[in-house]
Amino acid sequence: MLYIFDMGNVIIDIDFNRVFQKWSDLSGTPVEDIAEKFTFGETFKLHECGKISDMEFAEYLCEEIGVSLSFEQFAQGWHAIFVSLRPEVIEIMDKLREQGNRVIVLSNTNRLHLDYWPQHYPEIAAAADFLYLSQDLGMRKPDPEIFKYVLQSEEFEPQQAVFFDDVKENVDAAKKLGINAVHVVDKETIPEFFKQHDFSASIE
């Protein structure tokens, strides 16, 4: 079987409020104003697809949310999103690989975050056979093409794959392609899934 794990709020807890608070502390802009103006809009999507540089992203986003920050300050806040690993998920990923399954990460992320999480959370890459990252692929979830690309690259049929993601839109997109997709709503979702399913399923 092919097991596909999203990263944020699946393998690692993230919290955008931490980003807003750090930017507020560094800029003097009220955190409420930053949170209200921040959107997952075109600038955000272009950055996740690797279409604009980190510097451009910082410049555009600071302008959008009305804060004055150096690139270093922006990055400091941007990296504050990461909270902590979910060790129970890392353990499950390791166990799945031990049993002969293929385990990969499929994440909408960005190059700026690559300056942080691989060094601070090396367990993620260590627990996966491969990392499919949006900024490397030039596309992002829920685009059906990113799922098709992963399945083709891994040489699995949709029904041979299980996908875990915290965004319902991404889960729904995967389901439309025939992938067994699970909406991760909290820390218990994945451990509970493997209590209910055959953990020893081998590659088909």
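At 21% relative accessibility, N9 counts as partly exposed, a class that lies between buried (under 20% relative accessible area) and exposed (over 50%), computed with a 1.4 Å probe on protein chains only. The model is predicted, so local features need pLDDT of at least 70 and side-chain atom pairs count only at pLDDT 80 or more, whereas totals for chains, interfaces and linings use all residues. Residues are numbered from 1 along each chain as its sequence is written, and side-chain values use heavy atoms, with hydrogens and water left out.

N9 is found in the loop between strand 1 and strand 2 (12-14); helices (H or I, at least four residues) and strands (E, at least two) are DSSP runs numbered from the N terminus. Although N9 is not a glycine, its phi is positive, at about 60°. E155, in the loop between helix 10 and strand 6, likewise is a residue other than glycine with a positive phi, near 60°. E155 counts as exposed, at 71% relative accessibility. Most residues other than glycine have a negative phi, and most peptide bonds are trans. The peptide bond from K141 to P142 is cis, with omega near 10°. P142 is found in the loop between helix 9 (134-137) and helix 10 (144-154). N170 lies in helix 11 (residues 168-176) and counts as buried at 5% relative accessibility.

Two helix pairs were examined. The axes of helix 1 (residues 16-27) and helix 5 (residues 71-79) come within 7 Å and cross at roughly 150°; axes are lines fitted to C-alpha atoms, for helices over the stretch in contact, and angles run from 0 to 180 degrees between N-to-C directions. Helix 1 is therefore roughly antiparallel to helix 5, the classes being roughly parallel under 35 degrees, roughly antiparallel over 145, roughly perpendicular from 65 to 115 and oblique for the rest. The crossing of helix 1 and helix 5 is right-handed. F16, V19, K22, W23 and L26 of helix 1 meet Q73, F74, Q76, G77 and W78 of helix 5 in this contact. Within helix 1, K22 counts as partly exposed at 27% relative accessibility. Apart from neighbours within four places in sequence, K22 is in contact with Q76, G77 and A80. The C-alpha atoms of K22 and H79 are separated by 9.6 Å, at 57 residues apart along the chain.

The axes of helix 6 (residues 87-98) and helix 12 (residues 189-196) come within 9 Å and cross at roughly 40°. Helix 6 and helix 12 are therefore oblique to each other. E88, V89, I92 and L96 of helix 6 make the contact with I190, P191 and F194 of helix 12. In helix 12, the buried residues are T189, I190, P191, F193 and F194, and these pack against strand 1 (2-5), helix 6, strand 6 (161-165) and strand 7 (180-183).

The largest nonpolar core has 49 residues, and those with the most contacts inside it are F5, I11, W23, F74, W78, M93 and F164. A nonpolar core is a set of buried Ala, Val, Leu, Ile, Met, Phe, Trp, Tyr and Cys residues joined through side-chain atoms within 4.5 Å. Another core, of 18 residues, lies apart from it and includes I4, F147, V150 and I179.

Conventions: Contact means heavy atoms within 4.5 Å. A crossing is left-handed if the near helix is turned anticlockwise from the far one by less than a right angle, and right-handed if clockwise.
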